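Have the viewer open as you read.

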Amino acid sequence: MRFSRMSTVGKAVQSAGVPLLAVSMVITTAIAGIPGYFLLADALGPERSGEALRVYAVIALCTAVAEGIALAIGIFILWRLSCRIKALNDEIRLLVRNVLHDLRTPISRISNAAQRILGGDNCVEDAAADISESCSRILSIVDANVEITNNYARVGDAPPGAEDFSAVVAEAVELFAAVADMKGVSLSAEVPSSPVVLAAHRHKLQQLAGNLIDNAVKFTPSGGKVTVSLSETRDNVVFKVADSGVGIANGDLPKIYDRFYRAERSRGTPGSGLGLSLVRAVVAFYCGDIDCKSKLGSGTIFTVTLPKRKRQG
């Protein structure tokens, strides 16, 4: 009961906080102003008391206006901060919910496999394989989330040296060529024969190129095509992946980089929903830009621009 009363009082104080602050400012100004007026009137003499009142009224008005502006700015800043804190709390709750949801399946498989072993199931090797696969799944989810968080926080060593992005792209295309061929998808690359060098970590470039090419192949039906291209300007490297796949709805485009987000048309396709989140996190780590243009049924084009020298964010 006491906690309920305290909660009610707390809510009342919060709701009345701004009016109370405004009233307190007015009262403080008045308390400080009355002695000030008498001091000014005494200094000018009785015959000029009217002039003292007018001068002090102007001073009080200017002070009140300044305090009002300061109050309005303070309220606006607090409102923006509270909105940001609420958004961050919502993101954390959503992330926790999604992580728990994605971990439920592999943990259930581990539990079932352990129960089979304890129950004397002769297929111990199959149960061990399920446990190993599920543990790998859990580790991949945890590692991907740690990598995304570290990239956004720009936690990590500086690039050890210059990397040839063209070699990384060529390797990624070669890696997914067999998958594309099995699906009947044409996968081609337009990569300069000379090195395209930038200050980056090789494994981050591999994550970026691999996830974009993997998604393009995964969501392009048989008979479609995926084109990968790489070019450079004086200051930047431009990596582009275009496909003729299912496309992304306009309503889904703002959410595609959210962790674990799966558009309606992609929920039947295997994946964790972390690929594009990791791609954007890598782009953010290098202070680059990523752009997505897509239309349902007409395909998708991802364009990544990375500085050749890592900019300071």
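Where does Ser166 lie? Ser166 lies in helix 5, and we'll come back to that helix below.

## Ground rules

This is a predicted model, so to speak of local features here takes a pLDDT of at least 70, and side-chain atom pairs count only at pLDDT 80 or more, while totals for chains, interfaces and linings use all residues. Residues are numbered from 1 along each chain as its sequence is written, and side-chain values use heavy atoms, with hydrogens and water left out.

## The overall layout

The protein has seven helices and seven strands. Both are DSSP runs numbered from the N terminus: H or I of at least four residues for helices, E of at least two for strands. Along the sequence the pattern reads α-α-α-α-β-α-β-β-α-β-β-α-β-β.

Of the 313 residues, 30% are buried. Buried means under 20% relative accessible area, exposed means over 50%, and partly exposed is in between (1.4 Å probe, protein chains only). As for contacts (heavy atoms within 4.5 Å), take those between residues at least 6 apart in sequence: 71% of them join residues at least 24 apart.

## The nonpolar core

In soluble globular proteins, nonpolar side chains tend to be buried together. A nonpolar core here is a set of buried Ala, Val, Leu, Ile, Met, Phe, Trp, Tyr and Cys residues joined through side-chain atoms within 4.5 Å. The largest one has 47 residues, and Phe165, Leu208, Leu212, Ile213, Val228, Phe239 and Leu306 touch the most other members. Helix 4 (124-152), helix 5 (165-183), helix 6 (202-218), strand 4 (225-232), strand 5 (236-243), helix 7 (275-285) and strand 7 (299-307) each supply at least two residues of this core.

Helix 4 spans 42 Å between its end C-alpha atoms, which agrees with the 42 Å its 29 residues should cover at 1.5 Å a residue. (The expected span is 1.5 Å times one less than the number of residues.) Its buried residues include Ile138, Ile141, Asn145 and Glu147. Arg154 follows helix 4 with a positive phi, near 55°.

Helix 5 has 19 residues and reaches 27 Å from first C-alpha to last, close to the 27 Å expected. There's a bend of about 40° at Ala177, taken as the angle between axes fitted to the seven residues ending there and the seven starting there. Phe165, Ser166, Val168 and Val169 are among the buried residues of helix 5. Just after the helix, Gly184 takes a positive phi of about 80°.

Back to Ser166: it counts as buried because its relative accessibility is 6%. Neighbours within four places in sequence aside, Ser166 is in contact with Val191, Pro192, Ser194, Pro195, Val196 and Leu230.

## Strand pairing

Strands pair if DSSP finds at least two bridges between them. Strand 2 (residues 186-190) and strand 4 run parallel, joined by five bridges, with Ala189 opposite Val228. Strand 4 and strand 5 run antiparallel with seven bridges, and a hairpin joins them through three residues. Val226 has Asp243 as its bridge partner, and Ser231 stands opposite Val238.

Strand 5 also runs antiparallel to strand 7, with eight bridges, and there Val238 stands opposite Thr305. In a regular strand the side chains alternate between the two faces of the sheet. In strand 5, Val237, Phe239, Val241 and Asp243 make up the covered face, and Asn236, Val238, Lys240 and Ala242 the uncovered one.

## Two buried polar residues

Ser294 sits in strand 6 (residues 289-295) and counts as buried because its relative accessibility is 15%. Its side chain makes a polar contact with the side chain of Thr300 at 2.7 Å; a polar contact is a pair of N or O atoms within 3.5 Å where, within protein, one must be able to donate a hydrogen and the other to accept it, and residues adjacent in sequence count only if both atoms are side-chain atoms. A polar atom of the Ser294 side chain also lies 2.7 Å from the backbone nitrogen of Ile248.

His201 lies in the loop between strand 3 (197-199) and helix 6. His201 is buried, with a relative accessible area of 10%, and its side chain makes a polar contact with the side chain of Tyr286 at 2.6 Å.
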